[in-house]
Amino acid sequence: TLQHPGKLLIFKIDWKRLESFKKRVSCDDTEGYPMVPLHWEACCEFLRSVQETPMARVVVHCVAGINRSGLVACAACMVLGKMTLLEAL
């Protein structure tokens, strides 16, 4: 398993105001790392602000390309978008 610190970046892009905002989450690339218990609330709060901003879009990017971005994007679709797991995937 990979065992180095990683980063998850979430970008909020407000096309109406031509502004962008970034949320950086530092986490580990280790098997069993508790990503959701440790970081979900902060990610969800940021993503909720995107949802509440007209014409805003979001990009979720994992620097290492492992699984963090997919996890956060899928969880956001389920929690904020009221999707089932299969719909979110």
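**One residue and its setting**

Mentor: With a relative accessible area of 15%, H39 counts as buried; the term buried applies under 20%, exposed applies over 50%, and partly exposed lies in between, with a 1.4 Å probe and protein chains only. The model is a predicted one, in which local features need pLDDT of at least 70 and side-chain atom pairs count only at pLDDT 80 or more, while totals for chains, interfaces and linings use all residues. Residues are numbered from 1 along each chain as its sequence is written, and side-chain values use heavy atoms, with hydrogens and water left out.

H39 belongs to helix α1. Helices (H or I, at least four residues) and strands (E, at least two) are DSSP runs numbered from the N terminus. The side chain of H39 takes part in a polar contact of 2.8 Å with the side chain of Y33. It also reaches the backbone oxygen of S26, at 3.5 Å. A polar contact is a pair of N or O atoms within 3.5 Å; within protein, one must be able to donate a hydrogen and the other to accept it, and residues adjacent in sequence count only if both atoms are side-chain atoms. When neighbours within four places in sequence are left aside, H39 is in contact with V25, S26, C27 and Y33, where contact means heavy atoms within 4.5 Å.

The setting of H39 can now be described. The protein has three helices and three strands, arranged along the sequence as β-β-α-β-α-α. A polar atom of the T53 side chain lies 2.7 Å from the backbone oxygen of S49. Beyond residues up to four places away in sequence, T53 touches K12 and D14. The loop between α1 and β3 also holds M55, which is partly exposed at 49% relative accessibility. M55 has a phi near 65°, a positive value in a residue other than glycine.

Strand β1 covers residues 5-14 and contains F11. F11 counts as partly exposed because its relative accessible area is 28%. Apart from neighbours within four places in sequence, the contacts of F11 are F21, K22, F46, R57, V58 and V59. F11 and F46 stand 35 residues apart along the chain, and their C-alpha atoms are separated by 9.2 Å.

A second pairing across the sequence involves A73, in helix α2. The C-alpha atoms of A73 and C43 are 9.7 Å apart, although 30 residues separate the two in sequence. A73 is partly exposed, since its relative accessibility is 32%. The buried residues of α2 include R68, V72, C74, A75 and A76. The 12 residues of α2 should span 16 Å at 1.5 Å a residue, and the end C-alpha atoms are 16 Å apart, so the two values agree; the expected span is 1.5 Å times one less than the number of residues.

What lies beyond α2? The loop between α2 and α3 contains K82, which is exposed at 69% relative accessibility. The phi of K82 is near 55°, again positive in a residue other than glycine.

The surface also carries a nonpolar patch made of M78, V79, M83, L85, L86 and L89, with about 600 Å² of accessible area together. Patches are made of residues with over 30% relative accessible area and no salt bridge, joining like charges within 9 Å and nonpolar side chains (Val, Leu, Ile, Met, Phe, Trp, Tyr) within 5 Å. A salt bridge is a side-chain nitrogen of Lys or Arg within 4 Å of a carboxyl oxygen of Asp or Glu. Helices α2 (68-79) and α3 (85-88) each supply at least two residues of the patch, while L89 lies in the segment after α3. L89 is exposed, because its relative accessibility is 72%.

Finally, for the protein as a whole, buried residues make up 30% of the 89 residues. Among contacts with a separation of 6 or more, 59% join residues 24 or more positions apart. The accessible surface comes to about 6,000 Å², and carbon and sulfur atoms account for 57% of that surface; accessible areas come from the Shrake-Rupley method with a 1.4 Å probe, and for residues only the protein chains shown count as cover.
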